[in-house]
Amino acid sequence: MSTRVIAGDCTVRSGGRRETTRRGRVVVVVKPDDTVLVHDADGYQPVAWLTRPAELTLTTDPLWLVAVDGDESLHVTAEDEVTVAEHETTDAGVPVGECHCGGPLVRAGGAVSCLDCGERFPLPGGASVRESTCDDCGLPRIRVERGETFEVCLDYDCESLLSAVETRFDREWDCPECGGALEILRRGGLIAGCEGYPDCETGFALPDGSVAGDCDCGLPRFETDAGERCLDSGCDA
Ligand SMILES: [Zn+2]
Ligand SMILES: [Zn+2]
Ligand SMILES: [Zn+2]
Ligand SMILES: [Zn+2]
């Protein structure tokens with residue numbers, strides 16, 4: 001993902017609800033999602049911007065930038081020589097350890113990724129990344145609650161959360177509809193689904209919490225951040 005930075009004497013015209021024309025030595029930042037920010041010397045706020053415009057045209061010689069989104073538009077033209085540079089950028093995440101390649105791992109947007117090699121590891125919901133590392137591959141370990149607390153490798157291919165939870169809870173509970181066993185399966189996230197599928201379609205997403213006893217309906221209850229609840233989120237027993 002690259003971010004383009006334009007610097008120099010430009011005229012900036014904003015069209016739409018508030019039409020303005022400004023000229024000055026500015027820095028224009030064009031993000032990978034085409035968001036355009038025009039900064040001058042003052043304050044932290046851009047003097048003009050357009051967030052994720054539907055259309056963006058940028059030519060560099062001569063400089064010509066047009067961003068259009070519905071009724072809003074932003075035109076930037078160079079009045080003198082400008083510099084245009086392209087920089088590789090990533091999400092700025094929380095540092096969580098070191099990659100196989102020795103590069104820094106950061107956590108952002110529901111995943112951990114390496115700033116050097118770009119490898120990306122999606123995180124299960126509610127997971128926290130530990131300081132301890134995997135004995136097999138050296139990546140950080142993650143801590144996840146799915147009925148109880150599990151600690152597994154960040155890399156699903158090295159050590160899967162599914163098999164850890166399966167080993168502990170597969171066929172542990174019975175289906176309230178048909179009495180069959182509930183199996184631990186991966187359907188996006190982890191679920192406890194009836195062995196009778198497709199005849200019985202009963203299945204429950206495993207909550208991010210620990211088992212805290214039994215519900216009157218026969219299923220387990222979970223202690224979660226949002227309070228205690230039945231495995232069946234629709235249960236009123
Ligand atoms: Zn790496
Ligand atoms: Zn590992
Ligand atoms: Zn069933
Ligand atoms: Zn219940």
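**Entry 1: terms before I start.** I count two strands as paired if DSSP finds at least two bridges between them. With that settled, I opened the hairpin of E18 and E19, which keeps 5 residues between its strands and gives Gly218 a positive phi near 105°. A reminder to myself: this is a predicted model.

Entry 2

Next I went through the bridges. E18 and E19 run antiparallel and are joined by 4 bridges, and Asp214 stands opposite Pro220 in E19. Strand E19 (residues 220-224) also pairs with E20 in the antiparallel sense, over 4 bridges. There I noted Phe222, whose bridge partner in E20 is Arg229. The hairpin that joins E19 to E20 runs through 2 residues.

Entry 3: Strand E1 (residues 2-15) and strand E2 (residues 20-30) run antiparallel, with 11 bridges joining them. I picked out Arg4, which stands opposite Val30 in E2. E1 and E2 form a hairpin with 4 residues between them, and in its turn Gly16 has a positive phi of about 125°.

E2 has a further partner in strand E3 (residues 36-39), paired in the antiparallel sense over 4 bridges. Here Val27 has His39 in E3 as its bridge partner. Between E2 and E3 the hairpin has 5 residues, and Asp34 in that turn has a positive phi of about 75°.

**Entry 4: the whole chain.** I stepped back for the overall count, which came to 1 helix and 20 strands. The chain divides into domain 1 (2-88), domain 2 (94-165) and domain 3 (170-230). I get 52 Å between the C-alpha centres of domain 1 and domain 3.

I then checked the overall dimensions. The radius of gyration is 26 Å, whereas a compact globule of 237 residues would have one near 18 Å. Along the principal axes, the C-alpha atoms fill a box of roughly 75 × 45 × 35 Å. Of the 237 residues, 27% count as buried. Among contacts between residues at least 6 apart in sequence, 30% join residues at least 24 apart.

**Entry 5: the cores.** Which residues have the most contacts inside the largest nonpolar core? I found Val112, Ile142, Leu154, Ala192 and Leu231, in a core of 30 residues. Each of these elements supplies at least two of its residues: strand E10 (111-114), strand E13 (140-145), strand E14 (149-153), helix H1 (161-169), strand E15 (182-187) and strand E16 (189-194). Why does this core lie between domain 2 and domain 3? Both domain 2 (94-165) and domain 3 (170-230) give residues to it, so the core lies between them.

Leaving aside its neighbours within four places in sequence, Val112 is in contact with Val96, Leu105, Val106, Arg107, Phe121, Leu123, Val129 and Leu154. Apart from this core lies another, of 16 residues, and among them I noted Val36, Val38, Leu63 and Leu65.

Notes: Residues are numbered from 1 along each chain as its sequence is written. Chains are lettered from A and ligands numbered from 1 in the order in which they are written. This is a predicted model: local features need pLDDT of at least 70, side-chain atom pairs count only at pLDDT 80 or more; totals for chains, interfaces and linings use all residues. Domain bounds come from an automatic or database domain assignment. A nonpolar core is a set of buried Ala, Val, Leu, Ile, Met, Phe, Trp, Tyr and Cys residues joined through C-beta atoms within 7 Å. A residue is buried if 20 or more other C-beta atoms lie within 10 Å of its own, exposed if 12 or fewer, and partly exposed in between; C-beta atoms are placed from the backbone. Two residues are in contact if their C-beta atoms, placed from the backbone, lie within 7 Å. The radius of gyration is taken over C-alpha atoms; the globule rule is 2.2 Å times the number of residues to the power 0.38.
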